[in-house]
Every structure is written in C-alpha cells, then in structure tokens.
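Here's a quick tour of a single chain, written for someone who likes to know the cut-offs behind the words. Have a look at the model first, then read on.

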Amino acid sequence: MGRLNLSAGHFVYDSVPREKRPLYNAVHNILTTFALAAGAGLGGFFAAHVPATTRVFGFALGNSLLWVFSISRLARLNTALAFIPLLREMRTGTVAPPRPLAMLFVGRTGSP
C-alpha cells in the first residue's frame, strides 16, 4: 500500500494548483484512511464467515484466507480498471530524452 499511496500523493501534488493542494491532500488522506479501515473490516468479516474449505466442482479449494485475498485482488483490479480511462497527463512541455536521463542513474562513461 505504501508505494501506491506515495504515487497517488505525487499525482495530487503534480496535478492540483498550489493554492488548492491542502484541500485535495486532506480529501485524499480521508478517503485513503476510510478505504483502509473498510477493507480491514470487510476482510475480517469474510475471514470469519467464509467456510474453512470450499468445494467447487468436487475440488477442495484452500482455506478462508485464500478467498479473502482473492476477493481483495479482484476488487483492486476492478477499481484500477475503472479509473484508467480517467487518467490524463496534466503537465505540458517536453519530455526528457531517455539516454541522458538514464545516464543519471547509470553514471557517465568515458574520460572525465
């Protein structure tokens, strides 16, 4: 969750005008906290109420936590796919060429 929250925070900082950043940051933090609490509550509910083993087409399928994580994975995938069409690049300007940008991470080659 940490990397996703970090990238979402960077997106808010990058796409929101400076004077509105505190409001958008507060709303982002409230929604993130609510989603984490709701997810933990639903996960606990499912873990307690899903049978220990489930049979599908005669095959025994894992324990209840496997189902909780599967439901979580499907819910996250569904949310991500729903919001992908809404993403747009907010910045204008030129894009850095890939080779000089890579040299920042790889290091310089050749003589000093």
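## Confidence and layout

Among the elements of the chain, helix α2 (residues 21–49) comes out with the highest mean pLDDT, 88, while helix α4 (residues 98–106) has the lowest, 65. That score is the predictor's confidence in each residue, on a scale from 0 to 100. Over the chain the average pLDDT is 79, and 77% of the residues score at least 70.

Some ground rules: this is a predicted model, so local features need pLDDT of at least 70 and side-chain atom pairs count only at pLDDT 80 or more, whereas totals for chains, interfaces and linings use all residues. Numbering starts from 1 along each chain as its sequence is written, and side-chain values use heavy atoms, with hydrogens and water left out.

The chain has 4 helices and 2 strands, in the order α-α-β-β-α-α from the N terminus on. Helices (H or I, at least four residues) and strands (E, at least two) are DSSP runs, numbered from the N terminus.

## Surface and contacts

Of the 112 residues in the chain, 7% are buried. Buried means under 20% relative accessible area, exposed over 50%, and partly exposed in between (1.4 Å probe, protein chains only). The chain exposes about 9,900 Å², with carbon and sulfur atoms supplying 68% of it; the areas come from the Shrake-Rupley method with a 1.4 Å probe.

As for contacts (heavy atoms within 4.5 Å), take those with a separation of 6 or more: residues 24 or more positions apart account for 24% of them.

Leaving aside neighbours within four places in sequence, H28 is in contact with N5, A8, G9 and V12. A47, meanwhile, sits 6.0 Å from L65, C-alpha to C-alpha, with the two 18 residues apart in sequence.

## A pocket

What lines the second largest pocket? The lining is made of F11, V12, S15, V16, P17, Y24, V27, H28 and L31. The elements giving two or more residues to this lining are α1 (2–15) and α2, and the largest share, 4 residues, comes from α2. By type, the lining divides into 7 nonpolar, 2 polar and no charged residues. The volume of the second largest pocket is about 220 Å³.

Technical notes: On a 1 Å grid over the protein atoms alone, a cavity is a set of points where a 1.4 Å probe fits but cannot get out, and a pocket is an open set with protein on both sides within 12 Å along at least five of seven lines; lining residues have an atom within 4 Å of a point. Grid points are joined across faces, edges and corners, and a volume is the space filled by probe spheres set on the points. Ala, Val, Leu, Ile, Met, Phe, Trp, Tyr, Cys and Pro count as nonpolar, Asp, Glu, Lys and Arg as charged, and the others, Gly among them, as polar.
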